[in-house]
Structures are given as C-alpha cells and as structure tokens.
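Please read the following explanation with the sequence and the structure side by side.

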Amino acid sequence: MSISFKAKAAGAATVNFSSASILANDGKGTNILGGLGSAKFAVENPVSAPAAQESTTPPVTAGAPPAPQILSQTHADPNKWYSASTAKFSWVLPAGTTAARILVSEIPQATPIVNYAPAINSKEIAGLSDGVWYLHVQLRNSYGWGAISHFRFQIDTKPPEPFSIKVIDGKETENPRPTLVFETTDSLSGIDYYKVKVSENDFITLSTDEMEHNPHTLTPQKPGKRTILVQAFDKAGNYTTATEEIIIKPLKSPVFTDYPKELRAGETL
C-alpha cells in the first residue's frame, strides 16, 4: 500500500496512525499487530537547493554560550519510559546570558523558536501526549546565540492491553499445583514484568522471558477456593490486572480393595 500526501507549506511534518489492525487467518480474526510506527518529514520549497533535513543548526559564534546541560526532575533518564504527562526541566545559565529559546517537538534535532528575555533556567510542560519527545534549549549572550541542547524523554500513560488467565488443569482440580498461562502486550513502552498473587499469599514477580517460555506453576495449595490475581506492568509503571477463581479439591479418601479376611498368630499383615 502506498499513500501520497500533498504538502500545504514548508516545515516539519509527522505522520502516524491513530488506529490499525492486522488480522490472523485463524477463524477468530485475532489482531496480531504488535505496534504502530510513525515517520517524520521535512518539507521544503521546491526552489530550495539543499536536501530536506529535520533542522539546520546555525554556526555558533565565538564567545556565545555553550550548549546547556538539561536536567529533568520528572523524566531524568532519556532511555526510560515515564507515566507522567507533565515534564519539568532545568538548566544552568552562564554569566552574561541575556535570553533563552526553547522548543518541545518530536524531532530529535530541531532549532528552538520560542524566545524568553530575560532568560529562563527551567520549564514545566503539561498535557503532553504519549510518545517520544525532545526538548531543545539554546542560550544567548552579547556575542549571539550559542549551541543547542537536545534532551530526549519518553511518555507512556496507557496501561497494557486487558488479558485473561487460563488454568491448564481447569478451574476445579485435584492437582494442588495448577499451571497458569497468561500474556498481554503494550504497544508503546512494552511489557516489563508480571506480578502474581494467590489469595492471602505475597506477590511474586515474573519476568517476560519466564512467561514466554514456561507456564507458571503455583506452589502447593491447600484445598478450597483460591483467588488468583495477575498484574502486568509496562516499562512506564502502568499496569493491568486480571483475576480468576479456582477450586482445589481435596484428594478422595483411600479405599481398601484387597485385604485378608483372617490372620493367624505370627502372620504378617
């Protein structure tokens, strides 16, 4: 499939899919789509000679401020996912800084355009949507605008997809160690781990590798009704919960089927 777009004007453009599905030919129409991608384009006027690129960084004037080191109090690690949609950032202003300009975008390398004079050294940005974002900061002094810093941060506020727990031995079983099968997906940050709890017992943590290659077998359970609770956590800390009830039947009392009717003194039973 190919799609052609007509540009309205020069600038940066992002293309993504709000929803999609790929259905398996399994008689159930199971959606096997693992995630939705996106693309970024730089649209230029046809008369422009240079090739299209995300941004052009102007040369830094000698004596201008260096690229500031950006720190985040809410999204500290650029390689981790966070569930907070409000991000806080700060940076140090060198002596003589007269102005700052910033930009939040989905483009890794971009030139900030929002000016602040006098210069600011922190910014809180609220209402961000899920995805990978970049904060761009540039400072100015009497010599001119300095180098640009680009800070990556990732947001995922949605929990993993709903799922169910399958009990291999059935919901009523005499097996005191029934086996559980469960799995779910998260289209953005991905599944990080699972937590399993049986009735009043403590939670145990299972990695995605453990669940992918081996069903989970419970520790020995006493007879009676048991409530199984499974939580699936994504890499941003969001989680989805599934529950199931099972009944562990007691073993039937043994029945003597063969025994001697009489015993003489000294004989062995």
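**A walk through the model**

Methionine 1 counts as exposed because its relative accessibility is 94%; buried means under 20% relative accessible area, exposed over 50%, and partly exposed in between, with a 1.4 Å probe and protein chains only. This is a predicted model, in which local features need pLDDT of at least 70 and side-chain atom pairs count only at pLDDT 80 or more, while totals for chains, interfaces and linings use all residues. Residues are numbered from 1 along each chain as its sequence is written, and side-chain values use heavy atoms, with hydrogens and water left out.

Methionine 1 sits in the segment before strand E1 (11-16). Strands (E, at least two residues) and helices (H or I, at least four) are DSSP runs, numbered from the N terminus. Together with Ile3, Phe5, Phe17 and Leu36, Met1 makes a nonpolar surface patch of about 640 Å². Patches are made of residues with over 30% relative accessible area and no salt bridge; like charges are joined within 9 Å, and nonpolar side chains (Val, Leu, Ile, Met, Phe, Trp, Tyr) within 5 Å. The accessible areas come from the Shrake-Rupley method with a 1.4 Å probe, and for residues only the protein chains shown count as cover.

Further along, isoleucine 22 lies in the loop between E1 and strand E2 (38-43). Isoleucine 22 is partly exposed, at 45% relative accessible area. Its C-alpha atom is 5.2 Å from that of leucine 33, a residue 11 places away along the chain. Apart from neighbours within four places in sequence, isoleucine 22 is in contact (heavy atoms within 4.5 Å) with Thr30, Asn31, Ile32 and Leu33.

Next comes a sheet. Strands of a sheet pair through backbone hydrogen bonds, either parallel or antiparallel. Here, five strands form an open sheet in the order E4-E10-E9-E6-E7, with mixed pairing; two strands pair if DSSP finds at least two bridges between them. Strand E4 (81-82) and strand E7 (114-116) are the edge strands, each pairing on one side only. E9 and E10 are paired in the antiparallel sense over 10 bridges, and tyrosine 134 has arginine 152 in E10 as its bridge partner.

How many salt bridges does a search of the whole structure find? There are four, a salt bridge being a side-chain nitrogen of Lys or Arg within 4 Å of a carboxyl oxygen of Asp or Glu. One of them joins lysine 88 and glutamate 124, with the closest N and O atoms 4.0 Å apart. Lysine 88 is in strand E5 (residues 87-90) and glutamate 124 in strand E8 (residues 122-125), so this pair ties together parts that are 36 residues apart in sequence. Both are partly exposed, lysine 88 at 37% and glutamate 124 at 48%.

Another salt bridge is formed by glutamate 244 and lysine 171, at 3.5 Å between the closest N and O atoms. Glutamate 244 belongs to strand E18 (residues 239-248) and lysine 171 to the loop between E11 and strand E12 (172-173), 73 residues apart. Glutamate 244 counts as buried because its relative accessibility is 18%.

Finally, asparagine 238 is in the loop between strand E17 (224-234) and E18. Is asparagine 238 buried or exposed? Asparagine 238 is buried, with a relative accessible area of 12%. A polar atom of its side chain lies 2.7 Å from the backbone oxygen of aspartate 156. The residues that asparagine 238 touches, not counting those up to four places away in sequence, include Ser83, Asp156, Lys158 and Phe233.

Terms used
Polar contact = N/O pair within 3.5 Å; in protein donor to acceptor, adjacent residues only side chain to side chain.
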